[in-house]
Amino acid sequence: MSTLTALARAQAWSAGTAQRVALVRHVHLAERPLVFVPLALAGEASAPLATMVGDDPDSPRLLVVSQPRNRDQRFAFVAELADVMVSYMEGFCSVAEEVAAGRDETRPRFVNAPQVVVPNQAAIGFVRLLGRSTRFRRTTGEFAVGPAVPVLGRWLTYLAERTEHPGSCLLLAATEALSRHWASGQSELEDLNLAALMGWIDPPPGMTGEEAAAAAEDPVLSPPAGPATDPGFDNEVLESLIEACSRADGDAAASSRAVAALERALAGQLVPTWRLVWRALELLRALPEGASVARRWEGDRDSFTGYAAYLRDTGLPQPRRDGAVAAARRLDWLERAQASYAAERAFDDPLAMAEYRMTGEAFAGLVVKAEPDRLDHSGKRRKLRPLIMVETTDPVRAEVGTVMTAVTRQGQSARVVSISADSGDAMSAENGPEDGAEPAGMVRIVLELSGGMGRSLTAAPGSVPEVGEWLCYSSLTADYQRPWEFPPAEETPWTHGGPPQPYVPADEDAVEEWS
Amino acid sequence: MTNTEARLDQIRGPVPPRPHNARTIAALTSNPACVRRAILDAAGVDKAKLAAALGLPAPFGQSRFAITRGNAFEQQVKANGCAELLRLLREQLGLPIPEVSYDDLEEVAGNPGLPMRHARTRQLLTRAADSGDDAGTLFDHPLLCLEVGGRLAYLEPDLIAFRLRGKFHVVEIKSFAAIDGQADPDKVAAAAIQSAVYVLALRQLLADSGHAADLVADEVFLVCPENFANRPTAAVLDVRKQLTVLRRQLSRLAFIAELVEALPPDICLDLEPDAAGVARRPAAELAGALHVLPPRYMPECLASCEMCRYCRDGARAETAALGRAVREDLGGVDYVETALQLAAGELTAGGGEEDAAALLRTAERLRLECLQAAQFPAPDFRGSHESLAAPQSLETTA
Amino acid sequence: MTPGQHEAAQAEPARAGPAQLAASAAEKVIGDLTAGHRAVVVDSPPGAGKSSLVVRAARTLACAGEPVMVVAQTNEQADDLVDRLAAASAAGSQLLIGRLSAQDYVVSARVGRHAGVMVATDAAALSGCLVIVGTAAKWATVKARTWLFPWAIVDEAYQMRSDMLLRIAGQFDRALFVGDPGQLDPFSTVDIDRWTGLTWDPMQSAVEVLLRHNDDIPVRRLPVSWRLPSNAVPVVAEAFYPFSPFVAGTRPGERRLSFATAAFRAGPLDDALELAAETGWALYELPPRHTVRTDADAVGACAALAARLLQRGCVAHSEFAPAGIDVSPDRIAIGTAHRDQARAVRSALAGLASAGPGCSVPGLADVTVDTANRLQGREFDVVIVLHPLSGRRDATAFHLEAGRLCVLASRHRHACIVVARAGIPELLDAYPSTEPVHLNVPAKFPDGWEANQAVLAALAERKVTVR
C-alpha cells in the first residue's frame, strides 16, 4: 500500500480497466495446478456442501453432499475429495533429486511440488477449517472414518499453514495473486470478490471494468465465489432441493433424481468461479516470471518433501495450537521470510523497487563521476575502495553511513559517504538534503564501494560502475540470516508456563455430536 | 413531542419508525461521522426499503440454514431450564452455582405486549437485586429498554441475565464457532458491543430502582459452539471498552437536533405507495431529498449499511470510494480526477495541496519510468471519466 | 480505582513527602527480592527512578555475592546503566562491572571513562564481574547452560517481546522486571492471529507473558515521577495510567522556564512559549486542514518553536538550580510519530540554521529530533511534539495508540509544547471504533481514544491559535 499503488488504482478507475502494479510475476505457477472451489453450508463452522476440483480446466470433478447434516454423507464427501487431492499431491512424491545439505552431505528434494489454487482468502480459511475438522479423526472405534480422511486433513492443514509463510506458493488464492500484480479501480474490500476483480482485469468485450464489476455483484448473474453461498440461492433454491433429497431417502429412483437436480443447481453456482480461476491463472501465466521465484519454489519443494517424509514416518496430526517455543520459532521464521521476500520482490521488479524509491530507502540515477582506483590507507593494509557519485531526482532519505546494494551489482556493497543537493562539486560535500520532499532538484550521492572487484588493488574490468551507468541502490538485503536459537520445547522456561504436556491422542478428538 | 422529533417524523413519513434493537444501536458506532445515516437512523427510516426504492438495494440477506442452526443451538443451550448453560458455567468457568432457579419472563399471563413484558422484567429483576441473596436465577427472555435518541428501544437479549456473587451477568448465545479457543474476531466484536447495549440497559433498569451500576458486571458470558460439534463452550468477554464507546455515541445523538435544524423544512422520505399502488415519492424525489443529507461513504459501509450501494454510487468520483488508506496515500485529495491531474502536472496545486501534488508527481514519474523502461505503452487513462472532474450533478436513477 | 482509593492516593503526599514515598516503595522492592519470590515486577511511570532502582537492586544483590545479569533493550540503555553502576561503584563499595557487547560495538565515552568496567564479547571473559550488563539480543546469543545467574534484572521489560524473554529465561533463576507499562508495546512486522489468545503469544510483552503464567508474582509500583513537573503529572497520569496513578516529585512552581530576552513584536510563537513557561503545557494550533504526513506548516512550526526557544535564551529553573540554567540545544527534543516527519523537521531546522546572519540560531543541529519509538526512555528539559493526529482525515489504530502519545508527552522536565492542526476532536468523534475482539485476550487499558481525548482536553485550556 503506497502512493504508487494508490495512483495505479486511480488510473485504473479513470481508464476503466485494471493497471499493472508489477512488471514480473512474483508467484510460481505450476504446470499442472489443482483448482479447488469449495462451497460450504451456511450456519456451521465448516460444513462442506459441494466442490468443483481438478487439474484439468475442461473436466472438473463435482462432489456434492446431498444431506449436509448427515455425518456419513459428509465423511463420504471428504473421502472422495481425499481421493482426488491426496492422489494429486502424492503424485509429486515419486521423482526426487539430491541437493547439497552442508559439508559433504546431500538430501533429497522432490523435483516438483503440488500447487492448489482456490478462488479467495475465505476459501483458504475453509481449507484450514476442513483440515482441522478432519485431521484428528480416527479410522477405528466408535466414530471411525475412512483411512484417507485424516491424511487429507493433515495435508490441508499443512497447505493452509504454509500460506502464512510469505512467498510460499503451495496454496494460492486467486484474488491475492491477482491483486499483487494489478490494481483495480475499486477498493481493496471489493477486490475480495473474484468476479468483480476479474471484471476490472479482464472485462468482457464492450464493458468497462466498472460495469463488469457491477455485473459481478449480482448473485444471479455471477454466483459468489464461495465458500459462502448466496443467501437468496439458499432460501429460494437450495433449501427445497436438499429437502427433496432427504424426503427421497430410501427410494432409489426418486433419490437419484433429487440428487441430480441438486447437483445441477450447485454446478451452476460453481462453474462460473471455476472458469474464473483458470482464466486468472492464464492471465498470470502471461507475465514474465521474476528472477527469485524459482528459488522460493525450491523452498516450497523442500518444505513439501519434508512434510511428505514426516507423514510417512510418524504422521501425527499437527497440534491444535503452537506451544511456546514452537510459536516463538515460527514468528522468527516468518519475520525473516517477510523481510527477504520484500527485498527479493524489489530486486526482481522495478515497480516494487519504486515503492522504496518513493520513501527514500532506495534511489536510482546515473553515475556522473567515478574514482575506480581509490585506495583506503586507514587500516593496516591498503584496501581498494572506489568512489562513485550518482545523480538522482529521487527523494533520497538515506543517512550517511548506510550500506546499500545496487540491483545489478548485488555482490558489491556501497556505503553512503555524502549526500548533497544542488551544490557539491567535490566528492566530499556534506550537507543534509535541503528539502527532502521536492524531487525537482538533483541530489548527488557519493558512495564508497567494496567487494565484488577481485582480490587485487586494481579492480577487475567491469566490476566498478562507470560514468553513464544507470544504477538503482537500496538498503534492502535478501541475504540469508541464520535463525535465532530457542531452547527445546522440553526446556520451555517457567516464564512461559514450563514444558508443555506431551501430546497424547485423546478420544475426545475423534468424538463428535451432530445435530 | 419536541421539535426535533416532529421533524424526524415528518422526514420518515406516515409510518411507524423502525424499532431499534441491540444490533442497530451497536451499529451507531460504526460510522459516526455520516450525517445521512445519523438522520435516517434517528428518524427510524427503513433503510433497506429506501435503498430498494432508489433502485440500488442492499446486498444483505440471511440464509435460512444459518437461522435454523442458530435457533437450534440456542434451544439446545436453554433446554431443560438451561441445563447445558449451567454445566458450562459451572465446569468451564468454575462458577460456584449451588442451586439455580429458572424464570421465563416471556410468559406473562394473557397476551403480553412489550410494555407489559418489560414491566414484569423490571419487577422481577428489581426484586432479585433487592433481595441481596446469592441464589442464582436464570432469567430467560427478559425485555429491557433503552432510550436512544428520544425513542424507546425494547431490547431482548435472546439470552439470559443471571446473578452470581451478587452481580448480574448478561449471557449471549451465538452460533459462530470457537475453534481451539479462537473465534472470528469481527463476530466477537459485534457480540461484545451488542452485549454492552444490554449491560447498559440493565444498569439503567436497576439504577431506576436505586441500585449501583456495578451490580451489573462488566463481564459478559459468550456461549458458542465449540469446534465442529454442537457442544457449547463459554468464554468471558470484558466489555468495558465497548461500554465507553457506546456511552460516547449515545451522547452524541443529542446533536441530532442541530443536524435536523440545518435541514430544509420540507424534506420527506415517504416510501409508502398511494391507494393505487404507485409510490408517492418517485425515486428522483427521494434522491433529491437524500442529496441534502451528506453521506460519508467508505468501502466498510458495504458490510454494514443498507444504503451502501446508493452512497457508493454517489461517491464514485471520490478517492474515499477507493478506501481510506488509498485516499491517504493519494495525499488526502478528495477527487480521483484531481489526484490524476496533480500527478500529471496538469493542475497547479493551490491552497495547501502542494505537498500532495509533490507526492503524486513523484509517484507518477516513477511509475512512468518503470513502465516505459519495460516497454509498456504509457497507459491511456484519460478515458472514461473525463466528465467527473467535479461532483456529479444529480441524475435521476429512475 | 474507586474514588475512595483515588483520594487516598492523592492525600498521601500530605502525609509523606514524595521522597519518602519513593524510598519506601524502593525498599519494598528490594525486600521482595530476598523474600523468596521467583520474580518481581515493578511498574514505573515516566521518570520514576527506574534506573536508580535497577542500579540499587543490582548492587544489593551483587554485594551479597550473587552475580546479576542485567538485560537492557538497546545499546544506549545498556551503556547508561553501566555508566551509573560504575559511578555508584566509585562512590560506594567497588564492584567490577562487565559490559557484554556485540562484535561491532564501539565503546562509548561514558563507558570507557570508568576504570572498573570490563568490555567483552564473550560472557566467559567477564566471569570475574558480579554485574554484567548487555542487550537482550546479545544475551540471547549466549549459550544458556554455561551461565546460570541466580538473578537477572530486566530493564524496560514492557518493551521486550515475549519471544526474546523465552530465549534468555534459561540463563537465570530469578528476575526483577522493571518497566513502564504506559509506553509503546512491542510489535511485529508479521500480521497474523495465529497465536492471539494463547497465554504464551510471542508478540505480547515479556511482562504480560510472565504474569499470565505466574499469578503469584508481586507487582509493585513506583509512586513518584521525578521527571515530570507537577503541572504535567495530573494530565499524564489520568490519560495514560488510569489504574496506577502517581505523584510529582517536585512542588508546583519548582520547575519553570524563563527567558533571557523579551519578545520583540511577540507573535504566536512567543505566546506559546510564554504559556508553556507558565503552565508547563501549550498547544500551538494551526488552522484546520487535511495534509500529508510531512505537513510543511506543522513541521516548520516545530522547528520554529525550537529556534525561538534558543533565540530568546530559555532558562530552566528547577529544585537543583532555582536560579536557573540555560537550556542548551541538546536539552530540547522534537518528537514525531513517523520517521519521515522527523527527517522533515531536521531539514527545517537545518534550513533555519543557515537562514543567514541575524536570523541564524547557533546549535540548532544539536536539538534532538526523533520518533516516539526512539525517544522512549530519554528525557529533556523542553519537548515539542508534532501531534500524531495532526492534519489527518482518519484516525487509525497506529495513530491512536496510547503508548505513542504517552512517550511523546512524558519526556520533559519543564515544558511540553504540542503542535497540531485544529480539527482533532472532530476526527476523534468520527472514529468508527469497530476494532476486532479476540477471545482470551485481556482488555488493554488505557484506551487510545480515551487517552487522546484526555490530553486534548487538558491542552484545550492552554491553546495558542495561529491564523
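**Starting from one leucine**

Modeller: B:Leu360 touches A:Thr3, A:Leu7, B:Leu330, B:Gly331, B:Ala339, B:Leu342 and B:Ala343, leaving out residues up to four places away in sequence. Touching, or contact, means C-beta atoms, placed from the backbone, within 7 Å. This is a predicted model, where local features need pLDDT of at least 70, side-chain atom pairs count only at pLDDT 80 or more, and totals for chains, interfaces and linings use all residues. Residues are numbered from 1 along each chain as its sequence is written, while chains are lettered from A and ligands numbered from 1 in the order in which they are written.

Biologist: OK, and which residues have the most contacts inside the largest nonpolar core?

Modeller: A:Val127, B:Val197, B:Val199, B:Leu202, B:Val223 and B:Leu360, in a core of 241 residues. A core here is a set of buried Ala, Val, Leu, Ile, Met, Phe, Trp, Tyr and Cys residues joined through C-beta atoms within 7 Å; buried means 20 or more other C-beta atoms within 10 Å of a residue's own.

Biologist: Which helix gives the most to this core?

Modeller: Helix H7 of chain B, residues 185-208, with 14 residues. Helices are DSSP runs of H or I, at least four residues, and strands are runs of E, at least two, numbered from the N terminus. There's also a second, separate core of 161 residues, including C:Ala169 and C:Val382.

Biologist: Switching topic: what order do the strands of the chain A barrel come in?

Modeller: E10-E13-E16-E15-E14-E17, 6 strands with antiparallel pairing. Pairing takes at least two DSSP bridges between two strands. The twist averages 45° from one strand to the next.

Biologist: Which helix packs on that sheet?

Modeller: H13 of chain A, residues 350-359, touching E10 and E17 at about 80° to the direction of E10(A). Axes are lines fitted to C-alpha atoms, for helices over the stretch in contact, with angles from 0 to 180 degrees between N-to-C directions.

Biologist: And how many bridges join E10 and E17 of chain A?

Modeller: 5, in the antiparallel sense. A:Phe363 has A:Tyr473 as its bridge partner in E17(A). E10(A) also pairs with E13 of chain A, again antiparallel over 5 bridges, and there A:Leu366 partners A:Glu391.

Biologist: Last one: how many residues of chain A are in contact with chain C?

Modeller: 28, against 29 residues of chain C. The chain A side divides into 13 nonpolar, 6 polar and 9 charged. Nonpolar covers Ala, Val, Leu, Ile, Met, Phe, Trp, Tyr, Cys and Pro, charged covers Asp, Glu, Lys and Arg, and the others, Gly among them, are polar.

Definitions and conventions:
Two residues are in contact if their C-beta atoms, placed from the backbone, lie within 7 Å. A residue is buried if 20 or more other C-beta atoms lie within 10 Å of its own, exposed if 12 or fewer, and partly exposed in between; C-beta atoms are placed from the backbone.
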